[in-house]
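Have the structure open while reading.

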Amino acid sequence: MNPMTNVKNIAKLGLQELGSDRKGSWHDDYKDSAWIFIGGLPYDLTEGDVIAVFSQYGEIVNINLVRDKDTGKQKGYGFLCYEDQRSTILAVDNLNGIKILGRTIRVDHVKDYKPPKVGSKNVDEETKRLRLEGCAPKK
């Protein structure tokens, strides 16, 4: 599906919810995950740049910007984990469809985040722990 169509579909869900009398929210389907997907990022943004934008909605505990294995260049999308799952709702509702350096980004929930395989020896202990335990709310 076209990335702009995805952005518009997510925005429509939010608008439908505003005029709805139903008790549950479409966000409730993702209540067990504190991860979000970010797509359409400008290729020259760093992890620090993305954290600066997304930290306005909560404490970020992990970020994974997907990079090319050979060149190390960013591919324009990634995943971010908040300390509090409620921050994902704010980020999806407020940052989906915004423009960063002229590019419209897509922000959406991730239900079952699969961390990258731990093949690198340069992974710190905190990242290893987050990859094993995840960062969703504890039940």
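## Helix H3

The model is predicted. Helix H3 covers residues 86-95, and its buried residues are Ser 87, Thr 88, Ala 91, Val 92 and Leu 95. Viewed down the axis of H3, these buried residues fall within an arc of 135 degrees, so they line one face of the helix. Buried here means that a residue has under 20% relative accessible area.

Just after H3 comes Gly 97, which takes a positive phi of about 90 degrees.

## The sheet

Four strands make up an open sheet, and their order is S2-S3-S1-S6. The pairing in this sheet is antiparallel. Strand S2 (60-67) and strand S6 (106-109) are the edge strands, each pairing on one side only. On average, neighbouring strands of the sheet are turned by 20 degrees against each other, with direction ignored.

Inside this order, strand S1 (residues 35-39) pairs with strand S3 (residues 74-82) over 5 bridges, in the antiparallel sense. Which residue in S3 is the bridge partner of Phe 37? The partner is Phe 79.

## Helices on the sheet

Helix H2 (residues 47-54) packs on the sheet and touches S1, S2, S3 and S6. The direction of H2 makes about 135 degrees with that of S2.

Helix H3 lies across S1, S3 and S6. Relative to S6, helix H3 runs at about 150 degrees.

Key: Residues numbered from 1 in each chain as written. Predicted model: local features only at pLDDT ≥ 70, side-chain atom pairs only at ≥ 80, totals over all residues. Heavy atoms only, no water. Buried < 20%, exposed > 50% of the residue type's maximum accessible area, 1.4 Å probe, protein only. Helix = DSSP H or I, 4+ residues; strand = E, 2+ residues; numbered from the N terminus. Arc of directions from axis to C-beta. Pairing = 2+ DSSP bridges. Axes fitted to C-alpha atoms, helices over the stretch in contact; angles between N-to-C directions. Contact = heavy atoms within 4.5 Å.
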